[in-house]
Every structure is written in C-alpha cells, then in structure tokens.
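Keep the sequence and the 3D view open, and find each part as you read about it.

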Amino acid sequence: MSGKEITLIVDGREVAATEGEMLHDAAKRGDVEIPVFCYEPKLGEPVGACRMCLVEIEGIPKLQTSCSTPVRDGMVVHTRTDQVKHAQSAVVEFLLVNHPLDCPVCDKGGECPLQDITMGWGPGKTRFTDDKRHFQKPIELSPLVAIDRERCLHCYRFVRFSQEVAEDEQLQLLERGDRTFVGTFDDRPYVAPFHGNITDLCPVGALTNYTYRFRARPWDVEQAGSVCTLCPSQCNVSFTVRDEQVKRVVARDNPDVDDGWLCDRGRYGFEMFAAEERVTEPRLKGAAGGADWQAAIEKAAAGLKAAGVGKVAAIVGDASNEEGYLVQRIMREALDSENVAAGRAYGILRHDLVDISQPALSARVRDIDAADAILVIGTDPLHDSPILDLRIRKAVRRNGTKLAVATERPTTLDGGADAAVRYIPNATGAFLDDLVKSLSGSGDGESHFGADASQIADVLRDAEKVVVVWGENVAWGDGRGLLALAEALNIAEHDGAGMLEVPELANARGLREVGCMPEAGPGLSQRLGGMGVAGIRDGLQSGEIESLILFGVDPIRDFPNTARWKSALAAADHVVCFSMFENKTTALADVVFPLESHAEKDGTITHPDGRLQRVRPSASRPGDIRPNWGILAELSLALGFDTGISSQPSAFAALAGEVPFYAGITDGDIGGRGIRWQEGPAAAAFPTRPEPSGDPVELVFENEPGETTYTEARSYDLDVSTYRDLWVGPITELNPPLRFLSPRQTLELSPGDAERLKLEGGDEVTVSQNGSTIRARVAVRERMRDGTGFLIEGTASDNANALPDLAGTIAAKIAKVGE
C-alpha cells in the first residue's frame, strides 16, 4: 500500500480508505457488509475462490470480487443491485447443492457463516431434487480434528494456512470437480503445532475439534476473553465456558500480540484443568486428605518464621505480576530476606537487564512485520514462543525480510533463512564477540566463529530496521555481547528496530519488573545480597537456607541436577509449595497450596515486549481453590506484616505505585488489548545503570555461562546440552487429547557424529555422566554441529536434568543399547 488517503463511494456512502487496500475491507469500515467465505486477511493475498463477494463497480462491465479488488480514488461501488443480488444468490444456491444441511447436529450450527449468509443473501428455497454427493464421514484429519467432507465449501482457507502461514504444506485439495476434498498425502495424519487454527478458519462445520465435538451449542455457552500463560507468547484467547467449565479455547485476535493465531498447546491444553492430579485444597505433610485453610496458612507461617533472619528463600515461576509482587514483599518485608528469584536456573544480572531493556532498544512484536532483517539468536521460537515462529515466517514470506539464524541446535526457521549457523553450546558470548567484530569490519575470519559470524553479518550489515529475537540464555551471566550487538546495528537510532527477548517463563519480564530478582526490587531498583536459584539450592544443602517458598515451580523435574534438588528439598526445615498438580516436589513439601490455572486467575502479566495484559477469571475454581493473591496476603498477615491488599485491583495499584515506569497505568488502560508501558509518559522513569558502588552481588552459576573450552570430540564422548521441547510436561501428560504428543527422550546428533559413533536414527542408546545414566533414542539432524548433542529437559522418564552436571556443556558417554 502507498499510504495515500483516498475517497470512494459504496452504496451512496462516502468512505475514506487507503489506496491499495481491498474493497471488502474499505466497505466494512464504511459499515457496508459484503458476504465472504474464502477471504481472510490473515492468510495473505486473496484468492477470490468462493465468488461470494461479487460487487458492481461503475466503469467495469462485469462483476468483480471485492476481496481481491484494490480501491482507487473516486471509485463508485454498488453491492445491492439486482445483478449483484442475483449473482450472490446463485453462488449460495450452488454451494448448497451438495451441502448436507444437517444444521441440527452440526457443531457449527448457531455460529455458522454459511447459515448467516444463506439467510441474508440466499434464494430462500432450493430447486435441487437429485441425490447429493456423499463421503465417508467424519474421518480423522488428525487425532485432534475431524473432517466432514460433505460440508466442505472448498474455500481454500485451511489449505492456505498449511501452505502459506504454518508452511508445513501438509494439506491440499485432492481430486477434481464435485469430488474435490481436502486431505493429506497418502492420508497421513495432519500433525503440526498450529493445526488447530484450521477449525477457527473453517466457515462451516467441515472441520471440528474432537475435544469440543457434541459438547455444547452456542446458546448454551458464554465466551470469556483472557490471555494464555502457557508460554511467553501470551496469546489472547477466548474461553468457551459451559456450566462454569472450559469446553473450548479459540483465538481472540490481537495483531499486536498474536496475529489471531494459537498454537495447539494453548488451544487444547485446557483439559488438564480437571486432571485427577490437580491440587484442589491445602495439604499438610503427613496428614491424610486436605487441610483447613486457616490451619495450613498458620503452619506455613510458623515454619517460615522459625528460620533465622536471611535464611528463607523463594523461587517464583508460573505467577502473575500481583502474585510475584506479593511473594517478594513477603520475603523482603515480612521475612527480611533478599533471596527471591524467578525461573529455573542462572538469570540475567540486574545491570545487564537495565541496559538491554531500555525503551529505545525494545522492539514491539509488530516491528517484526516491517523489519528489513531479523536475527534469531539463542532460541528456537517454535519450542520457546511458538507464535513468534509464525510472525517471523510472515515477515519473510510477505515482505521479503532477510532472516539470519544463529543457534546451538537446528531450528524450524533454518530452511527459510538467508543464513543459518550453529555455535557450540554455552558459547553465545564468544559468537556475539565475533559477530560484532564482523559487523564493524574488524573480524579476520580466523577466530573460532569468525566464518559463521561473517555469514550472519552479511545478512544484517545493510539493513536499517533490524529486530533481534534473542533467547534468555544469551544474557545469562553477561549481557555485554547483546549490548555491543545493539550498538553495532545502531538499533537505538532506527524507529522499528529493536530487541525482543524470548524468556523461559511466560511472565518472566513481569516478575523481574515487580522485584522477583535477588539483586533487584520492584521497578528494577537496586538491592544487595540475595541468592540466585543455584545459590538457594546450595544454601539448602549447606544449611545457610532453612525454609523455602516455591510458587509455580517444580525443581525436581524442571531444574538442572535433579538429585541435588531432591537432596536440597529434603534438607530444608520447611517447604511451602504452591502448585497446580501433585508431583515429586509437592511430595517433599510441608505445606501445599493449590495454584489457579490461567482460566481461573485474576491479575496482570507483562509480555516480553513490555505490554501489560489482563488475565481474567473465566471458569470456576475446582474444589476449594482460592485466589492466590488472597492467600499470599493472608500468609503475610500471619507473618505479622499487613500488605494492605484486599483485592486484585488493590494489588495492581500497589505494585504500580512501586514500579515507576508502570505509574498511572490502570486496569481500564490495560483493557482487552493491553498497553505497552514504554509508550506511556512514565517510560522516562525506567532506571539507568548506576556507577558501581559497595560490594558486588555474587550470584552462583552452574558451569559458569559463557565459559566454554573448545575441544575436539573424543570417540564415544560428546559435548551434550539440553533444550525444552514444546510438548514436554503436564500439558501433554495430563491432557488426554495431547498425550500422543508427549515426547520421549531423544539424543540429537549430526550425521557426522552418528557415523563416527556407528549409530543410526531410531537406535536406543544410554547417555552416562558422572555415574548417572539415562536412556534415549537417536535422532540424526542435518543441521547439527559436529561434536555436540542435545537431550530434552523435563521428560516424564529419562529426564536429561537427571544428569548431574548438565547445566551447561558436559562430556557425556554414549553407548548403544545391547553393545
């Protein structure tokens, strides 16, 4: 689009539009409805397949499809002439020739565009008396989606989604004429991480979710808007609620966040809310059944009080801003301890976080769309923040954006990248140093990553608007490389350029900004003396830490070095655990409080780009679950400190009062779409790095991130690291529809290493290190770097975290089972 403002006339109304936009969109802004089936702007260029949107344009003898006709200044359009009405009525009549008209038993009935358009633009009666076509129905398109081919209108929507949005290219139209149907090659199941979106796109009942099929009718349900907190994408969702229980999750379009798409993790993960393993009431160690709330709060408070000053710690994970804020207040104001951290390991130092998060360096999600170049470093968006994967693909496909990928292991974006390189695990800092040198022209190509860094630099060098999408581990321990990269790319000087973190926690940014850091309080204010996650673990084992609060984390499963965490929790005098599900961590806790799901929670979260979003309670809480902000306020009161918080709004007001750059933001400002604090007047209050003073804070890291020794792999030895798979964890294990996606342990190898180790894909091997052994299946990956291997963290069995020193790169012994 040129951006030039023009005026056209639609049905006698003067409509303002932008030159080049589609006539259908311009008419809609002018409050003129033109019916469509195939048109969906999110899918890209229109195809005009259904012919439902035909209109009459003065000066053009034939009817035109409004979805694919760009507007021009002075255009005169008619949408309700006799010629247009006849054409639209004929299209509806032809579509209904083979449609089964089974609305009473169709899940789409009551919310079906075909029903609406038939009533508004159809002939009102049929002249067709012959037999309709028939297909076997329904059939499994995938384990999650059923297809009724008799209902299909051949609108191409889901074929285009598969080919042009997700780019998995599995769906296609098969056969010809009236026998045409949507299917996959050789009838293979359509299994892809975003495939549930096709059920939202379908304008009829041809595609339905097995999880919602025959569960409810539109007049039986309510729609409740909220935000998914299962990953950092924080997609906007609408919960379909019947009898106060979630029955379905659909996308709620927010172009600033998710482009209207959902991953299958967020779409189908709701059935775990009712899992048998759900914690639905307080529990005390050694007591049969649940406990009284007051007794549980008093016992938790007594155990925390019993610890000495500074000998209490807290680790926060799945939490809202309000919950994280209250936890750190309990630690600092009620228990006089600075030992509060968020996440599962390491962490970003406060001074680095302050520099990296400056508003001038921050990218919006929408900046990806118009970027000249995108650098993805240290993250695979598909596994870490799935919707970003689609956003990056969109920029490359539609706008010709250049893409560079630099990661430890292969990513799904490699195939469409202008340059894709691998670096040794835990060596991001060294790679960034070489990349900055290459960008400045001082690289000699002789350093360890010089040649690879030069490839990436060639893609980025001439671009003005560069968006850097970086994984949290890139800044673990030292963020100077990222800052140097931002300077080399002149990010602060170009509007639309910026840096966008992909953190490990869904609300990592919010938790940091409200004070869940060992060296930073609310607003990233400077604090001294706290321990990080690894320091807390070591402190529990040594006795330096006596009591522990775990909020929404499962250290035994998700944190590095399972054995040491078991030992640490067993050594603790008192453990208070907030958890959604029973697990090995809750089994060691003295007091367990139930955690709300994101469909039950009331609070706010902060998107990685700084957008504050509202999580709203949409379903009833099972059992005797209570709002977690209220439990934390009561716990603080039992500890002798009154937070003054009596509701979610009062909790947000309190934290906004302590976070200077949130000042003035209210629940009303956040609304249904969210608000970026960087775009408000209080953004100027964001802190800057102070001059060093006093004693530095010492954070304990495992295998010191950034320190890597470059060695040649030895026979049957391998430098092994880990990654977090999209489908690992309770999200699949406690969701019957997703259980088939639960990953088993896999050792990823390069073709060269597989040949050297005499292994093939599918072979069973054992991976041993320092006396611990897990079993894995070999997967050979084409784009792996020789000398490295990858295992999955957090699997139900053979968890890579069970290897004692696998926090960074280690030498592991690989042996084929049976040899």
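Helix H8 lies across strands E25 and E26, and its direction is at about 90° to that of E25. Bear in mind as you explore that this is a predicted model.

How far apart should the ends of H8 be? The helix has 14 residues, 321–334, and at 1.5 Å a residue these should span 20 Å. The C-alpha atoms at its ends are 19 Å apart, so the model agrees with that expectation.

## How covered is H8?

Twelve of the 14 residues in H8 are buried, so the helix is mostly covered, where buried means under 20% relative accessible area. Among the buried residues are Tyr325, Leu326, Val327, Ile330 and Met331. The list also includes Glu322, Glu323, Arg329 and Arg332. After H8 comes Asp336, with a positive phi near 55°.

## The sheet beside it

Now turn to the strands. E25, E26 and E27 form an open sheet in that order, with antiparallel pairing. Which strands stand at the edges? They are E25 (603–606) and E27 (675–676); each has a single partner strand, so one side of each has no neighbour in the sheet.

E26 covers residues 611–615, and its antiparallel pairing with E27 runs over two bridges. To find this pairing on screen, look for Arg611, which stands opposite Arg676 in E27. As a general point, strands of a sheet pair through backbone hydrogen bonds, either parallel or antiparallel.

Next, look for helix H12 (residues 428–440) and helix H13 (residues 450–460). Their axes come within 8 Å and cross at roughly 50°. That angle makes H12 oblique to H13, and the crossing is right-handed.

Which residues of the two helices meet? From H12 come Phe431, Asp434, Leu435, Ser438 and Leu439. The residues they meet in H13 include Ala453, Ile456, Ala457 and Leu460.

## A buried residue in a loop

Finally, find Phe135 in the loop between helix H3 (113–121) and strand E6 (139–140). Is Phe135 buried or exposed? Its relative accessible area is 13%, and since buried means under 20%, Phe135 counts as buried.

What touches Phe135, leaving aside its neighbours within four places in sequence? Its contacts are Arg149, Glu150, Arg179, Thr180 and Phe181. Glu150 is 15 residues from Phe135 in sequence, and their C-alpha atoms are 6.0 Å apart in space.

Notes: Residues are numbered from 1 along each chain as its sequence is written. This is a predicted model: local features need pLDDT of at least 70, side-chain atom pairs count only at pLDDT 80 or more; totals for chains, interfaces and linings use all residues. Side-chain values use heavy atoms; hydrogens and water are left out. Helices (H or I, at least four residues) and strands (E, at least two) are DSSP runs, numbered from the N terminus. The expected span of a helix is 1.5 Å times one less than its number of residues. Buried means under 20% relative accessible area, exposed over 50%, partly exposed in between (1.4 Å probe, protein chains only). Two strands pair if DSSP finds at least two bridges between them. Contact means heavy atoms within 4.5 Å. Axes are lines fitted to C-alpha atoms, for helices over the stretch in contact, and angles run from 0 to 180 degrees between N-to-C directions. Angles under 35 degrees count as roughly parallel, over 145 as roughly antiparallel, 65 to 115 as roughly perpendicular and the rest as oblique. A crossing is left-handed if the near helix is turned anticlockwise from the far one by less than a right angle, and right-handed if clockwise.
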